[in-house]
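I opened the notebook to record what I looked up in this structure. The entries follow the order in which I checked things.

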Amino acid sequence: MSGLDSVTRPLVIAVVGSGPRGISVLERIAVRAAAEAAEAADGADAAVADPSGAAGGRSPRPVRVHLIDATEIGAGRVWRTDQDDWFTMNTVVSQVTMYSGGPDGGPDRPGAGPSLGEWIAHRHETAGEPALGPDDYASRVRYGQYLTHVHRTIAEHLPAHVELIPVTGRVTALRTGPDDGYLLSLDTAPHLLEADRVVLATGHPFNAPDAFERTMLEFTGRNPGTHYLCGDSAADMALGEDTVPPGSAVGIKGLGLSFYDVMLSLTVGRGGTFRHEEGTGDGGGLRYLPSGREPRIVAGSRSGLPIPARGRNQKRPDFSHRALFLTRDALLHARRARGGGGQLDGGQLDFAEDVLPLLRREIDHVFYVTHVRNSLGREAADAFAEAHAELLRAGGDPGPLRASVGLGDVPPVDLDALARPFGDTRFASAEEFRERLLTVMDEDLAEAELGTLDGPLKSALDVLRDIRNVVRLAVDYGGLLPASHTGFFHGRFLPVNALLSAGPPMARVEQLRALVRQGIVEVAGPGTRFEADDEAGAFRVVSPQVTGSERYVRSLIDARIPTPDLLRDTSPLTRQLVDEGLVRPYVIEGPAGERHATGGLDVTRSPFHVVDRAGRIRPDLYALGIPTEHTRWFTQVGSSRPGVSTLFYQDADAIAVDALRPLGAGPGREAAQAFIPAQQSGSPAPTSRGTTVGARRGKAS
């Protein structure tokens, strides 16, 4: 490359995937490029004032960004704008933003724009679109429309030296090209693109069937008229009447968030409606009016409990629980105790022994302080909180203190009991289990109605959500011993955490309760088994703990979102990258040489350079979000929060800074400057860039 080309030829960046992660990187590229343009303009002004040239004044290098998506530019697949409006988000609109700064009186643009709630309010005022309050939940299609607005405002406010080229198509291969760049093959025109740097933000995978799925699919091949649907976004499932005929029985495996999406597709999506009727005496007056096209739904899961409701939101968008026990310093201490030499990348932790006890203290502290505030007032709660925290830190017995405020007989929060409320109980009939289930749902909705600040239980469980960043410090990059990571963290904690911290809006649980009461939905019970019965020519659904729960269904739907697994991902791009060694799965290595291949894509710490099969860092290839799950934890986050320096935007900004560095320059090693004031207490500080594989690999950051 000639010296002139190195200055005048555009720096070409390809962003593969234009869902929230891809758009976040684009937004930060736009902000950083605008800052470069402003700096160049200031230099030019100085050069005019100083003809000697000492002040510089060179124009910024041209930048070209290809934004590539196979479904919809600006929204991606999961949030595409042509899906049905009954698919709902599970975060209130005031807590969602895709701009890295709030409105400033100017036009919506990179670095300054409205939250989802503010945008919806503006659209209501100016275009008469439906209104939502700050604590309401938007549909996924509404969020997709907001994402496309963000994309449009980025495109309209790029600095003059930046060109944005949208490309609708699927990337099928990525290989090294000339000048240390990359060649991207696409299934649509232009079919081949050259890029200096590539960001992989490809989102949810399509996995090859696992053993259970293969068994079910082989069964349908032998039994015409039966159907099995592997897990996916419900908006992309074949849930029509050809697959699930009206009046037929359909099984649903899984009772998490996606279950509610499937449930609504088979009820509201078939023309039914919910109506509040006063004085009915059941389900709080909510009733379902069927269309006659619905199937009979038989659902189940390991716990037998549909994911509980999120508490009624009472928190400001920038609220975050301040960790008192599960802190960075506490993790440093735990790593020192395990031979870590006082660094967060030191000794690996045991989650059950080193992390969970501290997390339980956080939960219990919020639980009891909220109780005291409700019964004795804020001043008494503040005094209790100080004394209670000191006791817990010192390892003392908090029982007498709790008794002194009338809480001696109130047990701590039992996460396992909440997530498995039926335990090993045997139920004499399906009707007996149904009544117990409805009681549990009624109790949960009553707790949710109290709110996320005034409700002792839901405010305590919200700690699980607020404290994720600190848990990441313990878990990410092999921070746990391999056996602890695979056994306790993934096998026991994550199912409980997902059930108790990421629930749907209360309205969804109320709708399910109405459907259960009216017999349209039946939950089989705990430990539900889904089996292929060739003799019956149907799927068998049964709970071993519920006598009389056995049901036969001709259609079975897996309502669980596929877990990212690099070696099972069927996308042509992923298969090519794995087969040719450009990427590799992340492996956790233990102190005794034990190894666990996680299935997550191996990346360095921020700014997340891909590591290839030979262990080499690819400094111009980045991966972000869901493909890196298991290397990092909880990567499915799809937005930031207004006024908070979240990891969502710290991650995007780190990639933007590094991707804009001059060609030929090594990856940046200094942390990018914070772009939202004051990180919240308990959040990790920005980390160094360009970490090498040999430096601190396999440890937590």
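In which order do the five strands of the open sheet with parallel pairing run? I read the order as 8-17-9-12-13. I note that this is a predicted model.

**Parallel sheet**

I looked for the edges next and found strand 8 (227-229) and strand 13 (521-523), each of which pairs on one side only. From one strand to the next the twist averages 20°.

Strand 9 (residues 249-253) and strand 12 (residues 296-300) run parallel and are joined by five bridges.

Helix 5 (residues 211-222) lies across strand 8, strand 9 and strand 17 (555-558). Against strand 8, helix 5 runs at about 155°.

**S233**

I went to the loop between strand 8 and strand 9, where S233 is found. Is S233 buried or exposed? I record S233 as buried, because its relative accessible area is 9%, below the 20% limit for that class. I then listed its contacts, leaving aside neighbours within four places in sequence: S233 touches R77, R140 and I561.

**Helix 6 and helix 16**

I described each helix pair by the angle and the distance between the axes. For helix 6 (residues 257-265) and helix 16 (residues 506-517), I have an angle of about 55° and axes 11 Å apart. That angle makes helix 6 oblique to helix 16. I logged the crossing of helix 6 past helix 16 as left-handed.

Which residues make the contact? From helix 6 I listed F259, Y260, M263 and L264. From helix 16 I listed R508, V509, Q511, L512 and L515. Sorted by type, the residues of this contact between helix 6 and helix 16 are seven nonpolar, one polar and one charged.

**Helix 8 and helix 13**

I repeated the check on helix 8 (residues 351-376) and helix 13 (residues 456-466), which pack at an angle of about 150° with their axes 8 Å apart. Why do I call helix 8 roughly antiparallel to helix 13? The reason is the angle of about 150°, since angles over 145 degrees count as roughly antiparallel. The crossing of helix 8 and helix 13 is right-handed.

On the helix 8 side I wrote down L359, E362, I363, V366, F367, T370, H371 and N374. These meet P456, L457, S459, A460, V463 and L464 in helix 13. I count the residues of the contact of helix 8 with helix 13 as nine nonpolar, four polar and one charged.

I turned to the open sheet with the order 4-5-6, whose three strands pair in the antiparallel sense. Strand 4 (171-176) and strand 6 (192-195) stand at its edges with a single partner strand each, so one side of each has no neighbour in the sheet. The twist here averages 20° from one strand to the next.

Strand 4 and strand 5 (residues 182-186) run antiparallel, and I found five bridges joining them. V171 has L186 in strand 5 as its bridge partner.

I checked how far strand 15 (residues 538-542) is covered, and four of its five residues are buried. Strand 14 (residues 529-533) pairs with strand 15 in the antiparallel sense over five bridges, and D533 stands opposite A538 in strand 15. The two strands form a hairpin with four residues between them, in which G537 takes a positive phi near 65°.

Strand 15 also runs antiparallel to strand 16 (residues 551-553), with three bridges joining the two. I noted V553 in strand 16 as the bridge partner of F539.

**Strands 18 and 19**

How many residues lie between strand 18 and strand 19 in their hairpin? I found five, and G593 in the turn has a positive phi of about 90°. Strand 18 (residues 585-589) and strand 19 (residues 595-601) pair in the antiparallel sense over four bridges, and V587 stands opposite A597 in strand 19.

**D82**

My last entry is D82, in the loop between strand 2 (63-69) and helix 3 (116-127). I list D82 as exposed, with a relative accessible area of 59%. C-alpha to C-alpha, D82 and A37 are 37 Å apart in space, and 45 residues separate them in sequence.

Methods
Residues numbered from 1 in each chain as written. Predicted model: local features only at pLDDT ≥ 70, side-chain atom pairs only at ≥ 80, totals over all residues. Heavy atoms only, no water. Axes fitted to C-alpha atoms, helices over the stretch in contact; angles between N-to-C directions. Parallel < 35°, antiparallel > 145°, perpendicular 65-115°, else oblique. Left-handed = near helix turned anticlockwise from the far one by under 90°. Contact = heavy atoms within 4.5 Å. Nonpolar A, V, L, I, M, F, W, Y, C, P; charged D, E, K, R; others polar. Pairing = 2+ DSSP bridges. Buried < 20%, exposed > 50% of the residue type's maximum accessible area, 1.4 Å probe, protein only.
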